[in-house]
Amino acid sequence: MLRYADTPTRVTVRLTSSPGTAQITISDNGRPAAVASVQGFGRGLIGMQERVAIYGGIFEAAPGLHDGWRVHATLRFEDES
């Protein structure tokens, strides 16, 4: 998170699940990076996107709506219950 937002002082991690799905959201309150530098996603974000895709999931990373940076992933898996 520190790489994509400037001077964050708070990081929030939220994990939720339902049968067959898990979602994780990580956000901080730092200032968003400039759009030009965000568009050139580093290997870290590409790696996360590739790992999520292995499980047929959805990956999003972008400046937050009000401040900071937000990374969200939805993972799908077979429910074993």
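Predicted model: local features only at pLDDT ≥ 70, side-chain atom pairs only at ≥ 80, totals over all residues.
Local features need pLDDT of at least 70, side-chain atom pairs count only at pLDDT 80 or more, and totals for chains, interfaces and linings use all residues. Residues are numbered from 1 along each chain as its sequence is written, and side-chain values use heavy atoms, with hydrogens and water left out.

**View 1. Thr 21 in strand 3.** Here we look at Thr 21, placed in strand 3 (residues 21-28); strands are DSSP runs of E with at least two residues, helices are runs of H or I with at least four, and both are numbered from the N terminus. Thr 21 is buried at 18% relative accessible area (buried means under 20%, with a 1.4 Å probe and protein chains only). Beyond its neighbours within four places in sequence, Thr 21 is in contact with Thr 16, Thr 74, Leu 75, Arg 76 and Phe 77 (contact means heavy atoms within 4.5 Å).

**View 2. His 72 in strand 6.** His 72 belongs to strand 6 and is buried, with a relative accessible area of 9%. Its side chain reaches the backbone oxygen of Ile 24 at 3.4 Å. Not counting residues up to four places away in sequence, His 72 touches Gln 23, Ile 24, Thr 25, Ile 58, Phe 59 and Glu 60.

**View 3. The largest nonpolar core.** Seven residues make up this core: Leu 45, Val 52, Phe 59, Ala 61, Trp 69, Val 71 and Ala 73. Such a core is a set of buried Ala, Val, Leu, Ile, Met, Phe, Trp, Tyr and Cys residues joined through side-chain atoms within 4.5 Å. At least two of its residues come from each of helix 2 (43-54), strand 5 (58-63) and strand 6 (69-76), and strand 6 gives the largest share, three residues.

Terms used:
Buried < 20%, exposed > 50% of the residue type's maximum accessible area, 1.4 Å probe, protein only. Polar contact = N/O pair within 3.5 Å; in protein donor to acceptor, adjacent residues only side chain to side chain.
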